[in-house]
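Open the model in your viewer and keep the selection panel at hand. This tour goes stop by stop.

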Amino acid sequence: TATVTQEGADDLAVPVEAPVSEVGEKTEEAVLWVAEKQTFKGDFNKFIAKELKFPVQAQNEGINGRVVVEFVIEKDGSVTGVKAIKGIGLGCDEAAENVVKLTSGMWTPGKNNGHPVRLKMMLPVSFKIAGED
């Protein structure tokens with residue numbers, strides 16, 4: 001069985017500094033950690049539970065744990081920059097990344113002051129062999 005949890009966040013938008021070019025110009029728009037509004041179209045937990053694949057090798061090795069995946073929800077609801085930033089190996093990191101990639105286009109973009117914004121998310125995805133505590 002694999003499960004997913006989502007941690008809460010503060011109510012304040014906190015910009016992540018955008019990269020700067022050699023001549024001092026920002027190369028892309030800032031990404032926020034928190035927005036006034038952002039939603040998943042549908043039942044997020046049900047979607048993840050259905051689509052997340054627990055790698056057989058990890059199950060056979062008795063691997064349990066949590067993979068933390070970082071990603072950006074773009075202004076159009078697509079997902080970019082998907083990367084496991086804390087993993088447990090044996091294919092679980094890739095499985096968590098893949099299920100997050102499947103959510104691309106299923107998000108209502110984050111908004112601040114009524115305008116769509118890029119929103120950085122961190123999602124913990126838990127892998128646990130059924131019947132183990």
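The stops below follow the salt bridges and the strands around them.

**Before you start.** This is a predicted model: local features need pLDDT of at least 70, side-chain atom pairs count only at pLDDT 80 or more, and totals for chains, interfaces and linings use all residues. Residues are numbered from 1 along each chain as its sequence is written, and side-chain values use heavy atoms, with hydrogens and water left out.

**Stop 1: strand 5.** Select residues 65-73, which make up strand 5. Strands here are DSSP E runs of at least two residues, numbered from the N terminus. Seven of the nine residues in strand 5 are buried (buried means under 20% relative accessible area, exposed over 50%, partly exposed in between, with a 1.4 Å probe and protein chains only).

**Stop 2: the partners of strand 5.** Two strands count as paired if DSSP finds at least two bridges between them. Strand 9 runs antiparallel to strand 5, and nine bridges join them. Pick V72 and look across: K120 of strand 9 stands opposite. I73 has V79 of strand 6 as its bridge partner.

**Stop 3: the hairpin.** Five residues lie between strand 5 and strand 6 in their hairpin. Select G77 there: its phi is positive, near 90 degrees.

**Stop 4: the salt bridges.** How many salt bridges does a search of the whole structure find? The search finds three. The criterion is a side-chain nitrogen of Lys or Arg within 4 Å of a carboxyl oxygen of Asp or Glu.

Show the side chains of K120 and E70. They meet in a salt bridge, 3.8 Å from N to O. Are K120 and E70 buried or exposed? Both are buried.

Move to E74 and R118. Their closest N and O atoms are 2.7 Å apart, in another salt bridge. E74 and R118 are each buried.

Finish at K50 and E51. This salt bridge has its closest N and O atoms 3.9 Å apart. E51 counts as partly exposed because its relative accessibility is 23%. K50 reaches 61%, so K50 counts as exposed.

How values were computed:
Helix = DSSP H or I, 4+ residues; strand = E, 2+ residues; numbered from the N terminus.
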